[in-house]
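This report describes selected contacts and packing arrangements in the structure shown below.

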Amino acid sequence: MIGSVLQLLISGIAMGCIYGLVGIEYTLVWNSTGLINFAHDKLIMLGAYVFAGTFIVKMGVNPIIGVLATLIVMFLFGSAVAIGIFNPLRNKPTIFAVMGTVLLGRVISEAVRLIWGPTPFTLPTFLHGIVHIGNIVVATANIWIIVVSAVLVIGLTIFFRTTRTGKAMRCVQHNKTAAALMGIDVTRNIIFTIGLSAMVCTLIGIMVIPLFTIDGTIGSMIGLKGFASGLVGGFGYLPGTVVGGIIIGIVENMSTIIIPATYKDVVAFILMVSFLLIEPSGLLGHGKNQSR
Amino acid sequence: MDMKKTTRIVLLGILSVGLLILPIIDKNGYRQLLFDQVFINMIVVMGLNFISGLTGQMNLGTAGIIGCGAYASTLLCMKLNLPVAVGFLAAILMGFIIGQCLGYPSLRVSGVYLSLTTIGFSEITRLVLTNWIGFTGGSAGVPNIPRLQLFGITFDSAFKNYYLYLVLAVLLAIFASRVVYSKWGRAFKAIRDNIEAVSACGIDIAKLKILAFTLAAMYGCFAGALYANMVGYINPTTFNLDLSINYLVMLMLGGIGSVAGNIIGAVTVTLLPEFLRFMQNYYWLVFSIIALLFAVFLPNGIVSLFTGKDKKAPWGVLGKFWIPKREKEGKTEP
């Protein structure tokens, strides 16, 4: 009994890390532009396809080189998205930019279907296998997810606190006008931020390959639950989204002990809606973003 | 002026005659079904216009609303053996309830938060409809839905539905455009433009937001019941986030805030992919790219071409006949 609970706990934490990363990725976009990237689940899918479809299956390169190459490609793609959609639309009412990103998502998913074909596929050897710790069985993929997420969160924190670019990005998050007056190029800053978030999306997409089959919907549920993680933990606040993501991952995995597993997906949304109604600023949020 | 009025009447006359004889000329069953779908989409978008277009609250839960309407009317009729007309009334009641419930969170949260709440509502609805197999039939859906019987006519073909839906769409469009220019409509727009000023004028924002949501949900649920009646089979996978997005695309593409824009948007987005079908595999990609270009370069929608804002455009002349004068004078930029 305890063994199975621990197992659920670990896979819950791993899924929670994924949700937390999704939360980080769109919090970056939200903080720098005040908009939400509704195409982020499609970016996750695109990352998975570029890595698995092109670099591994077609070119047969080493996975490490494949990951690096995919990150570069997706950074450039993200920057192009910023130039084409976010920068022109960020000063208009939110609904216009939201529609822009939503339609971008459609274009991406159609392009993916045409380029890589509609048949789902998997990478059978990538991050495959299980590890025994005592009498608990843990999938290698889950360990990788937890380690990579931890490294990424620490790395991003250091980047934001110490480097010049990171500080400039935080500055833009707080006040765009003041940042512009201090000589920070807000437009270029946003391009870089969106590129960075596209890279985080790519990492998520690559890490969930062993958990799902690679198809057009690989990112949909993760993407939606990533929103939920931000709301539970505290919108617009990076550590909050990670905590929120892990809470959702654990709660939804633990809920399968009590309720039928088919309702597992409902749990995250119920958690999200109840937090919105009771505590809209989240567990760790500052509440300042609430009225926006 | 008189000349202009005559032209407008003549054009409207041609349009209505065209609409009346369209299904008689075109006997293709698929295209007739498509025209029915256009009317249903019009009704949904006109509803969505109240909340997302006028009041400026992003609603991404349209699919959930339509799904609730479709399932409410269908299940009530099938489980209790009631006439379908009662099911339609039940769908409207359902819309009222959903509107009141969804409107409540919009008091506490707004903007992006609200769109996330509505996504949550829509996803919960879809997942419950999929998993509550004993009651809703699960992902297999509900087949053999009884058709509407009214005045001794059974509305069981796309041809008969066409006229019913045409009448309903016209009535609801008239109602919607009356609302847009009523006290409510002005207050809705005011909430979108400057919420502090509205409350300073002594207008109850909470009541109005819930009202806008209720109108939207009632239109949506009614359209859901019409949809169930049209296809005769409903399935929870239809009512996903993609559908909600489709309705927002219609709202955007046509033009936010005006009923004429809603109608243009619903017609364009429903029929344009069919015209692009000759591109076979690429048609949906091309359509998405066209929509994306519209969103970036013409964010105020097709209707903004006619409102004379862009004076150099040759089609601006058309606007003189189509757009009511008060709309031309009003600001179109939300």
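## Helices α5 and α6 of chain A

α5(A) and α6(A) are roughly perpendicular to each other, a term for angles of 65 to 115 degrees. In this predicted model, local features need pLDDT of at least 70 and side-chain atom pairs count only at pLDDT 80 or more, while totals for chains, interfaces and linings use all residues. Residues are numbered from 1 along each chain as its sequence is written, and chains are lettered from A and ligands numbered from 1 in the order in which they are written.

Helix α5 spans residues 140-162 of chain A and α6 spans residues 164-174 of chain A; the angle is about 85° and the axes lie 5 Å apart. Helices (H or I, at least four residues) and strands (E, at least two) are DSSP runs numbered from the N terminus. Axes are lines fitted to C-alpha atoms, for helices over the stretch in contact, with angles from 0 to 180 degrees between N-to-C directions. On the α5(A) side A:F159, A:F160, A:R161 and A:T162 meet A:G166, A:M169 and A:R170 of α6(A); contact requires C-beta atoms, placed from the backbone, within 7 Å.

## Hairpin of chain A

Strands β1 (residues 130-133) and β2 (residues 136-139) of chain A are antiparallel, paired over 4 bridges; pairing needs at least two DSSP bridges. A:I133 has A:I136 in β2(A) as its bridge partner. The hairpin has 2 residues between its strands, and A:G134 takes a positive phi near 60°.

## Interface of chains A and B

Contacts link 36 residues of chain A with 35 residues of chain B. On the chain A side, two or more residues each come from α3 (63-89), α4 (94-116), α9 (220-233) and α11 (264-278). The largest share, 14 residues, belongs to α4(A).

α11(A) crosses helix α6 (residues 112-131) of chain B at roughly 145°, and their axes come within 9 Å. Residues making this contact include A:F269, A:I270 and A:V273 of α11(A) and B:G120, B:F121 and B:I124 of α6(B).

## Surroundings of A:G244

A:G244 lies in helix α10 (residues 238-258) of chain A. It counts as buried because 31 C-beta neighbours lie inside 10 Å; the cut-off is 20 or more other C-beta atoms within 10 Å, with C-beta atoms placed from the backbone.

Beyond neighbours within four places in sequence, A:G244 is in contact with residues including A:G23, A:S229, A:G282 and A:L283. A:Q7 is 237 residues from A:G244 in sequence, and their C-alpha atoms are 20 Å apart.

Notes: Contact = placed C-beta atoms within 7 Å. Parallel < 35°, antiparallel > 145°, perpendicular 65-115°, else oblique. Buried ≥ 20, exposed ≤ 12 C-beta atoms within 10 Å, placed from the backbone.
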